[in-house]
Amino acid sequence: MSGYFLYHSIGTFPGKAEAMAVALAEFSGVWSAEDDGQWPAALAARQRFIDAWTRLIEAPRGTLTTAENVTSALYSLIGGLPAERLAGKRLLVAADCFPSLHFLLAGLAERFGFMLYTVPLRPGESWVRDEDFIARWQEDVGLALITFVTSTASHRCDIERLAAHGRAMGSIVGVDVTQGIGVAPFSVAATPVDFVVSTSLKWLCGSSGAGILQVAPELLATCRPELRGWFSQPNPFSWDLDAFAYADDARRFDHGTPAILASVASLPGLEWVEKTGIDAIRAQNATLVERIIGAALDNGWTLRSPLDARERGGSVMLGLPQGVEAARIIASLRNERLYCDARGTTLRLSPGMVTTEAAVEALIARLEEHIGSRHRRAS
């Protein structure tokens, strides 16, 4: 029985340890060889990672590159935009975005001359409604950052509706797909946006440090990233100090010597997702999530995720009642090899391909002991 409910944190797949070990061992052999083949092999490995991501989100070739994480990817994008795209305008973000991105934007607002506007949650609600985000999105918004699936409610936005509104407003539209990619369908070919940021953790089952930045060709051509270096050039080995030029493709967002290990360690997860198929991953996840939601409704537990599967990612969040300590529940579950976490009084549960039905039943039984039954749903 696998009681792993942490796909919102670090995802896994059957045989992950072995697949990563093989990939890293192969890289170790190449990198340690006493010859001159290290960099060609390393850069080829990084390119395979980039190609896998490009296929995953159906992006145009040459529009995607690596980043350490979503925060550095967003910083690189903002630092490359023409000044007039942000100066004197509003930058729109939701209050349930990933906090790290809000921390970054709040610190950059004065320097880049934009006004950060954070769309609030309605009192007593767990996610920012799409209609509230749109209501505050007028033509003075230079850039809007959309969260595809939230990390605290698993709310999945209507990306097509939001992107269409952004185009009508003339805004730059960016989306953080971290919590949804790999369990919910997303494609820049089907739903064009101006840029995408993500990591390869969560449902993609990769490692930390394997982030990406994808930029639409029209916007990419106008960007001049301030974070730049020898790998930003068409030919990284051009060392003429007075002849720097940006690469024509997404490599212009590269800078110093790129990290390789995170790409190598994450590629097995990306390949597993591609081979398995997101439809199959989502179908298995949906069966387990619906069972948890059903138990929550039966027992009168507080749900902090949408009931409608079309508005939900792969997780379900439960609000713990007053007097019930999250840390005690998590520790007790861990003793029975049931693994989840919490943010404040929100218990986060994310079953995936290694999570068994038996583990879901065990989890529900333990939660009934810890939380009890409030107002049972009529049968």
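Me: In which sense do strand 2 and strand 8 pair?
Reply: Antiparallel, over 4 bridges, with strand 8 covering residues 211-215. Keep in mind this is a predicted model.

Me: And what's the bridge partner of Ala-67 in strand 8?
Reply: That's Gly-211.

Me: OK, zoom out. What's the strand order in the sheet?
Reply: It goes 2-8-7-6-5-3-4, an open sheet of 7 strands with mixed pairing. Strand 2 (64-67) and strand 4 (115-119) are the edges, each pairing on one side only.

Me: How much are neighbouring strands turned against each other?
Reply: By 20° on average, ignoring direction.

Me: Which strands does helix 4 lie across?
Reply: Helix 4 (residues 99-112) lies across strand 3 (90-94), strand 4, strand 5 (141-147) and strand 6 (172-176). Relative to strand 4, the helix runs at about 150°.

Me: Switching to packing. Which residues have the most contacts inside the largest nonpolar core?
Reply: Trp-53 and Phe-186, in a core of 51 residues. Among the elements giving two or more residues to that core are helix 2 (38-56), strand 3, helix 8 (261-276) and helix 9 (278-299).

Me: What's Trp-53 in contact with, leaving aside neighbours within four places in sequence?
Reply: Leu-64, Ile-181, Ser-198, Thr-199, Ser-200, Leu-204, Ile-212 and Leu-270.

How values were computed: Residues are numbered from 1 along each chain as its sequence is written. This is a predicted model: local features need pLDDT of at least 70, side-chain atom pairs count only at pLDDT 80 or more; totals for chains, interfaces and linings use all residues. Side-chain values use heavy atoms; hydrogens and water are left out. Two strands pair if DSSP finds at least two bridges between them. Axes are lines fitted to C-alpha atoms, for helices over the stretch in contact, and angles run from 0 to 180 degrees between N-to-C directions. Contact means heavy atoms within 4.5 Å. A nonpolar core is a set of buried Ala, Val, Leu, Ile, Met, Phe, Trp, Tyr and Cys residues joined through side-chain atoms within 4.5 Å. Buried means under 20% relative accessible area, exposed over 50%, partly exposed in between (1.4 Å probe, protein chains only).
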